[in-house]
Amino acid sequence: MRKKIETNAIRTQMERSQYLEHSTPLHLTSSFVFEDAEDMRASFAEEKERNIYSRFTNPNTSEFVQKVVHMEGAEDGVSFATGMGAIFGTFAVLLESGDHVVSARSIFGSTHTLFTKYLPKWNIQTSYFKVEELDSIEGMIQSNTKILYAETPTNPGIDILDLEMLGKLAKKHNLILIIDNCFATPYLQQPIKYGADLVIHSATKLIDGQGRVLGGITVGNSKLIHEIYLFARNSGSALSPFNAWILSKSMETLVVRVDRHCQTALTIANFLEGHSKINWVKYPFLKSHPQYKLAKKQMNQGGSVIAFEVKGGLETGQNFLNALEMLSLSSNLGDSRSIITHPASTTHSKLSEADRLEVGITDGMIRLSVGLEHSEDIKNDLKKALDTIK
Ligand SMILES: *Cc1c(COP(=O)(O)O)cnc(C)c1O
């Protein structure tokens, strides 16, 4: 019988060794031995599926991949050393010189750098649509367009893109739809249901959930995944067995962790929205979010990240951060510890003010990744810091 995704995240397990361990052991080995010369020949000829070398596959990476594959409703998957490794590896396989990509403008910074700085070196151009102008996508599609690319919710703007609409557009124009599902996790939203061909995660974020290891994964259509696997196997951005073991264990608690992240984030978003020193708050499951209905349709819950703006601009934003006592000033997200960042002075400081505004980053904008601490303690830290700013 088909099991629920919560159960698959826990019960998907590789075969046990002769020791019959209950919890999957860590397979720290670079290579695997063959029974005899024939076994070795057949393994290399891909006549049988087995582990050869840990740059190709390893029991720990395979277990992690299968857990995400089940949760996303995908056919297959490939793991990478980082989220960016997964994104670059996926582009490297699918794109050729002369190809064109249509992407949302509001995407992770390093992904944007790949589009603007590196892909053009191989004669691959990208057109960008604004997240509030999905109607403009069709006009950007050219005869050489191959990929439609987006994230939802977006970082750090917390905008929601209509997955069903993107899926239909991709199908109509025969494009490969790729969704970076990092902010939603495989638990809150499964883009494959809406027609995504490939889904990418930075496992560094909520999948690890405790700020320990880096990892990445691409899942989806098995034909595309096999091509991506061959590239990963030859290009060397392999997920380490240790990180895979950590991530595989993390998957077992993903659902309960994300439930709590979302519950606390909604409480904090409501608190911030009512505060006199805050201009606006953006959280997918707040009724005031411009795409609230869409968020409700395609996500189970609102996620762990809130964007908000303190009154007063850049300096006030920085004073606010300095007045916090518990919340960490760090650039990660999806950690058990709440993390706060000021995009205008940090992650997006290299952009001009006009470019920042285009993706919704105002000078007073703060991004809060709500952790697993008690909601009262998170609220009190924010409240005290807000009280100190003028
Ligand atoms: C962090 C992040 C990435 C990159 O992942 P790494 O594991 O840091 O390489 C990609 N996309 C999104 C949305 C992210 O938040």
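This is a predicted model: local features need pLDDT of at least 70, side-chain atom pairs count only at pLDDT 80 or more; totals for chains, interfaces and linings use all residues.
Residues are numbered from 1 along each chain as its sequence is written, and side-chain values use heavy atoms, with hydrogens and water left out.

**View 1. Residues around the ligand.** The ligand has 13 residues around it, of which Met84, Asp180, Ser202, Thr204 and Lys205 come nearest; a residue is near a molecule if one of its heavy atoms lies within 4 Å of it. By class, this shell holds 5 nonpolar, 5 polar and 3 charged residues. Here Ala, Val, Leu, Ile, Met, Phe, Trp, Tyr, Cys and Pro count as nonpolar, Asp, Glu, Lys and Arg as charged, and the others, Gly among them, as polar. Helix α4 (residues 83-94) gives the largest share of the shell, 3 residues. Helices (H or I, at least four residues) and strands (E, at least two) are DSSP runs, numbered from the N terminus.

View 2. A nitrogen atom of the ligand lies 2.6 Å from an N or O atom in the side chain of Asp180. For Ser202, an N or O atom of the side chain is 2.8 Å from an oxygen atom of the ligand. A polar backbone atom of Gly83 is 2.9 Å from an oxygen atom of the ligand. Of the 380 Å² of accessible area that the ligand has on its own, the protein covers 91% (Shrake-Rupley method, 1.4 Å probe).

View 3. The ligand sits in the second largest pocket, as more than half of its atoms lie within 2 Å of the pocket's grid points. On a 1 Å grid over the protein atoms alone, a pocket is an open set of points with protein on both sides within 12 Å along at least five of seven lines, and lining residues have an atom within 4 Å of a point. This pocket has a volume of about 650 Å³, the volume being the space filled by probe spheres set on grid points joined across faces, edges and corners. Among its 33 lining residues, Phe108, Gly109, Ser110, Asn155 and Thr347 lie nearest its centre. Helices α4 and α5 (109-118) each supply at least two lining residues.

**View 4. The largest pocket.** The largest pocket has a volume of about 1,000 Å³. Its lining comprises 38 residues, with Glu49, Arg50, Asn51, Thr57 and Ser62 nearest its centre. By class, the lining has 12 nonpolar, 15 polar and 11 charged residues.

View 5. Pro153 is in the loop between β4 (145-151) and α7 (163-172), and the peptide bond from Thr152 to Pro153 is cis, with omega near -5°.

Notes: A polar contact is a pair of N or O atoms within 3.5 Å; within protein, one must be able to donate a hydrogen and the other to accept it, and residues adjacent in sequence count only if both atoms are side-chain atoms. On a 1 Å grid over the protein atoms alone, a cavity is a set of points where a 1.4 Å probe fits but cannot get out, and a pocket is an open set with protein on both sides within 12 Å along at least five of seven lines; lining residues have an atom within 4 Å of a point.
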